[in-house]
Amino acid sequence: MPVDPESPIEIVTFDWVPDFARGHVRDFRVRWALEEAGIGYRTRPISAVRRPAGHFADQPFGQVPAYRDGAVRMFESGAIVLHIAERSEALLPQDEAARARALCWMFAALNSIEPMLFEWGNVNLFARDEEWAKLRRPSLVAAIDKRLGHLADALGDRDYLEARFTAGDLLMASALRALEGSTLLDGHPTLAAYQRRCLARPGFLAAIGAQLAELKTEMPHYA
Ligand SMILES: N[C@@H](CCC(=O)N[C@@H](CS)C(=O)NCC(=O)O)C(=O)O
């Protein structure tokens, strides 16, 4: 299933991105959620280089993903994943207490883990030659390491953050992907194994495969 040209669900994606972003464009989070839920979707790729002016009505910042399902029009991958999860026991348990814990992890991924890893991306990649980035790096590495240690403690010896895979794991593993290519998870073997477990899920592999299959490899020429 999920890529289905007849589906009422539409995800706005980019038609091309630079190599470093291939497989990381955030529509993969939405595709992954839909894969886990077994819900079909179609995509509408737009240019990342020349964004259609009308796209700002779908995504106020001109970013992707944007999402549509009938009257429902959404932006922000975390909110979209929550919307999908609310329709699927595969992503959010029906039991109230278990559901509440999954929600905690969804917010923890986006609010307690991802901001640090976003800064890591700036320090380690986008601004790595800047003096301020070199100065910030050691204290940031220490802060990330401490936070990952607490996350590993919370995970304990479980396979997932709670008793079973939920949308909390989907967003946590999505956020932790920012550490790919670094050694920051190496000091936390249970967390590294957790990440491998999440990213080995068929839903994730299908989502990434679908994104890569749709992305053009050459930057389109615009007249
Ligand atoms: N918080 C937003 C971030 C979306 C985002 O950063 N999208 C990137 C692609 S992964 C983008 O559109 N970048 C182009 C830009 O920011 O102009 C979400 O999670 O949906």
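Predicted model: local features only at pLDDT ≥ 70, side-chain atom pairs only at ≥ 80, totals over all residues.
For R26, a polar side-chain atom lies 2.8 Å from an oxygen atom of the ligand, while for R51 the corresponding distance from a polar side-chain atom to a ligand oxygen atom is 2.6 Å. In the case of S77, an N or O atom of the side chain is found 2.6 Å from an oxygen atom of the ligand.

Helix α4, spanning residues 96-126, and helix α5, spanning residues 131-155, have axes that come within 9 Å and cross at roughly 155°; because angles over 145 degrees count as roughly antiparallel, α4 and α5 are described as roughly antiparallel to each other. Their crossing is left-handed, and the contact involves, among others, W105, I113, M116 and W120 of α4 together with W132, L140, I144 and L151 of α5. Classified by residue type, the contact of α4 with α5 comprises 14 nonpolar, three polar and four charged residues.

For helix α6 (residues 167-176) and helix α7 (residues 189-199), the axes come within 10 Å and cross at roughly 110°, and the two helices are therefore roughly perpendicular to each other. The crossing in which α6 passes α7 is left-handed. The contact is formed by D169, M172, A173 and L176 on the α6 side and by Y194, Q195, C198 and L199 on the α7 side, with six nonpolar residues, one polar residue and one charged residue in the contact.

Methods: Residues numbered from 1 in each chain as written. Heavy atoms only, no water. Axes fitted to C-alpha atoms, helices over the stretch in contact; angles between N-to-C directions. Helix = DSSP H or I, 4+ residues; strand = E, 2+ residues; numbered from the N terminus. Parallel < 35°, antiparallel > 145°, perpendicular 65-115°, else oblique. Left-handed = near helix turned anticlockwise from the far one by under 90°. Contact = heavy atoms within 4.5 Å. Nonpolar A, V, L, I, M, F, W, Y, C, P; charged D, E, K, R; others polar. Polar contact = N/O pair within 3.5 Å; in protein donor to acceptor, adjacent residues only side chain to side chain.
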